[in-house]
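Trainee: Could you walk me through this one? I'm new to it and would like to start with the aromatic residues.

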Amino acid sequence: MTLHIGVQLPVNFEPGEKRHDGAVDIARLARHAEEAGLDSVWTGDRLASGFPVLDSSMVLAAAAAATRRIRVGYGVMLPALRAPAWAAKQIATLQHLSGGRVLLGVAVGSGEAGEWAAAGFSPKERGRRTDQFLRALPDLLAGRPTALAGAPRGARVVLAPSAPVPEVWIGGGAEASLRRAAAYGQGWLAALKTPEQLAAGAARLAELAAERGVPVPRTGLVTFVRATERPAAVAGPVVDYLVKAQGLDRERAAALALGGGPRQVAERLREYADAGAGTLVLVPFGADTRRQYDLFAQIRALLLDERVAAR
């Protein structure tokens, strides 16, 4: 199994890599990630989340324009916040701008009332709307006449130019997410899982794929990391974030947070790779984003060396 190491771009205006005007320099960071040898850059997707955050499609367009090789990923897009034809148009445009380098993570979102009110939809509809989008996406991207839920009877949407369907990665850890991954995805993108929980989810996903008679989607993981030059116990800021922002108790947050020197982090990530994760998306902590990317590249090299040695 090939190991793919991606990184999250800092788009919520925390202290980080800035231009002279104070804005996060997405293009420079994406280019640095590519030059460091990483495999992909990713961004989340929020509308009215209560904190400053950039639009996901524009962020990935900037990253694609500044690079040539590295993949650009929604980690994850919330298509239910959009009209489905608009969401498909954004994805098709990004496929053209990037030369087909898009990785499309999709999830239903948290259901935060204010965000869904801003989009004009009920959070109770988000699962149904996400499934409708995923069913329609191949036809929309191919430019085939497509009937959409809520459109006038008999109406068909035709988008042009057509674009290749990107790899679809379904985010979430619930049974519904695993079923969605088996139905529509080439991958399952988990988060906030221990290696044991990830392995159990991957096993359940294999069962669901077998029931449908389809190939088993690949397994990926988004994880939060604070890397240092030398071995050190530095996961504290990550633990604090998981407690405050993700609502975890401190014991569970400590079990999930990763920190330390490249070899320390690689050893922890090896547990996830052994549990089935072929794609790892590392979320950096701290103001030194470019240095974090350099350290993540060292971690990637260690993991790949270990995999070669084990063959």
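Trainee: Are Phe224 and Phe285 buried or exposed?

Mentor: Keeping in mind that this is a predicted model, both Phe224 and Phe285 are buried, and for Phe224 the relative accessible area is 12%.

Trainee: How many aromatic pairs does the structure hold?

Mentor: It holds three aromatic pairs. In one of them, Phe224 and Tyr241 form a tilted pair, with 5.4 Å from centre to centre and 45° between the planes. Phe224 lies in strand β7 and Tyr241 in helix α8, so this pair ties together parts that are 17 residues apart in sequence.

Trainee: Why is the pair of Phe224 and Phe285 edge-to-face?

Mentor: The planes of the two rings stand at 70°, with the centres 6.3 Å apart, so the pair counts as edge-to-face. Because Phe285 sits in the loop between β9 and α11 while Phe224 is in strand β7, the pair ties together parts 61 residues apart in sequence. Phe224, Tyr241 and Phe285 form one aromatic cluster.

Trainee: Switching to helices, at what angle do α3 and α5 pack?

Mentor: Helix α3, residues 84-98, and helix α5, residues 126-142, pack at about 50° with their axes 10 Å apart, which makes α3 oblique to α5. The crossing of α3 past α5 is right-handed.

Trainee: Which residues make that contact?

Mentor: On α3 they are Pro84, Ala87, Ala88, Ile91 and Ala92, and on α5 they are Arg129, Phe133, Leu137, Leu140 and Leu141. Of the residues in this contact, nine are nonpolar, none is polar and one is charged.

Key: Residues numbered from 1 in each chain as written. Predicted model: local features only at pLDDT ≥ 70, side-chain atom pairs only at ≥ 80, totals over all residues. Heavy atoms only, no water. Axes fitted to C-alpha atoms, helices over the stretch in contact; angles between N-to-C directions. Helix = DSSP H or I, 4+ residues; strand = E, 2+ residues; numbered from the N terminus. Parallel < 35°, antiparallel > 145°, perpendicular 65-115°, else oblique. Left-handed = near helix turned anticlockwise from the far one by under 90°. Contact = heavy atoms within 4.5 Å. Nonpolar A, V, L, I, M, F, W, Y, C, P; charged D, E, K, R; others polar. Phe/Tyr/Trp six-rings, centres within 6.5 Å; stacked < 30°, edge-to-face > 60°. Buried < 20%, exposed > 50% of the residue type's maximum accessible area, 1.4 Å probe, protein only.
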